[in-house]
Amino acid sequence: MSRNKFTHKRHGDSVTLETREHTDHPVLDYYVANHCPRDDCRFRVLTEYQVDHDVALSFDLDDRLDALQAEINLPVIDTYHSAGGHQEGRKAFQTLREAKLYIFGRYGGIGNRNAIGNQIRRTHSLTSGTHSQNARKVDHPMICAIVDTHQDKPVYTNLVPRDEDIPSNAPSWRNSIESRVEYHLNPPEHIIESKLGEDDQFARIPDGYEHDALAWHVEQVSHWEFQIQTPELLLEQADYETGVDSLKQPA
């Protein structure tokens with residue numbers, strides 16, 4: 001079930017859904033859906049579909065993951081924001097210098113308090129209390145990024161290369177490059193349901209793209225590259241320059 005279901009409830013009892021089969025989608029062989037017959041309602045219930053496309057990476061997955069793993073030196077440096085006992089905003093890097101550069105760039109300079117322990121940057125204010133950005137060594141390779149070369153921006157960050165690299169005690173949201181490729185080339189039902197026919201701004205569709213969000217969810221894979229993530233990749237240019245300038249300041 002998707003699209004305008006709350007609007008449809010206003011007149012749902014007075015109409016009969018129409019079953020339609022569609023065979024013109026770029027990444028589906030076909031799909032069948034029950035549609036509201038009203039012109040002013042986009043409500044539908046997807047009942048059947050078959051994924052079919054020839055989209056693929058532009059390189060061999062196993063060869064690239066092998067090469068990527070060879071580039072990684074453990075441990076890596078995990079960064080996180082800490083405030084009120086909560087931690088968020090994790091990004092990991094190969095070196096402590098890169099971690100510091102990212103923190104200073106991401107959070108606007110060196111802070112107004114002396115950092116202690118694992119802290120890289122620390123601030124305090126009467127309204128917000130104490131906030132800190134921290135860095136610590138971790139022994140799994142969560143420093144990989146998937147980059148969309150068509151739009152020249154990262155799609156996913158803080159990934160490990162393969163599923164087997166994810167620690168058994170890792171959070172449920174920890175993902176691998178391997179799993180992200182599968183997730184896009186063979187999208188699960190909830191992705192097909194939510195993205196079919198949609199073209200909204202949250203789908204990260206390129207300007208001028210002629211198909212829907214589901215098609216781009218799949219087709220973007222042909223534009224992907226895998227990289228070791230760096231501050232330059234993750235930060236806007238102005239923030240990156242702030243980070244570089246902050247490294248030059250005395251501790």
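At 39% relative accessibility, does Arg42 count as buried, partly exposed or exposed, and which is the class that applies?

Modeller: The model is predicted. Arg42 counts as partly exposed, its relative accessibility being 39%. The partner of Arg42 in a salt bridge is Glu198, with 3.5 Å between the closest N and O atoms. Glu198 sits in the loop between α5 (189–195) and α6 (213–219), while Arg42 sits in the loop between β2 (28–35) and β3 (44–51), so this pair ties together parts that are 156 residues apart in sequence. Glu198 has a relative accessibility of 14% and counts as buried, because the cut-off for buried is under 20%.

A salt bridge also joins Arg44 to Glu193, where the closest N and O atoms are 3.8 Å apart. Arg44 belongs to strand β3 and Glu193 to helix α5, so the pair ties together parts that are 149 residues apart in sequence. Here both partners are buried: Arg44 has a relative accessible area of 2%, and Glu193 one of 10%.

In the salt bridge between the side chains of Arg64 and Glu71, the N to O distance is 3.3 Å. Arg64 counts as partly exposed at 23% relative accessibility, and Glu71 counts as partly exposed at 40%. Asp62, Asp66 and Arg162 are linked by salt bridges into a network. Over the whole structure, the search finds nine salt bridges.

The nonpolar residues give the setting. The largest nonpolar core has 33 residues, and those touching the most other members are Val76, Ile146, Ile177, Val181, Leu214, Trp224 and Phe226. At least two residues of this core come from each of β2, α2 (61–71), β8 (144–148), β9 (153–159), α4 (177–185), α5, α6 and β10 (224–228). Helix α5, which holds Glu193 of the pair with Arg44, is thus also one of the elements that supply the core.

Apart from neighbours within four places in sequence, Leu214 is in contact with His25, Val27, Leu28, Pro187, Ile191, Ile192, Lys195 and Leu196.

Key
Residues numbered from 1 in each chain as written. Predicted model: local features only at pLDDT ≥ 70, side-chain atom pairs only at ≥ 80, totals over all residues. Heavy atoms only, no water. Salt bridge = Lys/Arg side-chain N within 4 Å of Asp/Glu carboxyl O. Helix = DSSP H or I, 4+ residues; strand = E, 2+ residues; numbered from the N terminus. Buried < 20%, exposed > 50% of the residue type's maximum accessible area, 1.4 Å probe, protein only. Core = buried A, V, L, I, M, F, W, Y, C linked by side-chain atoms within 4.5 Å. Contact = heavy atoms within 4.5 Å.
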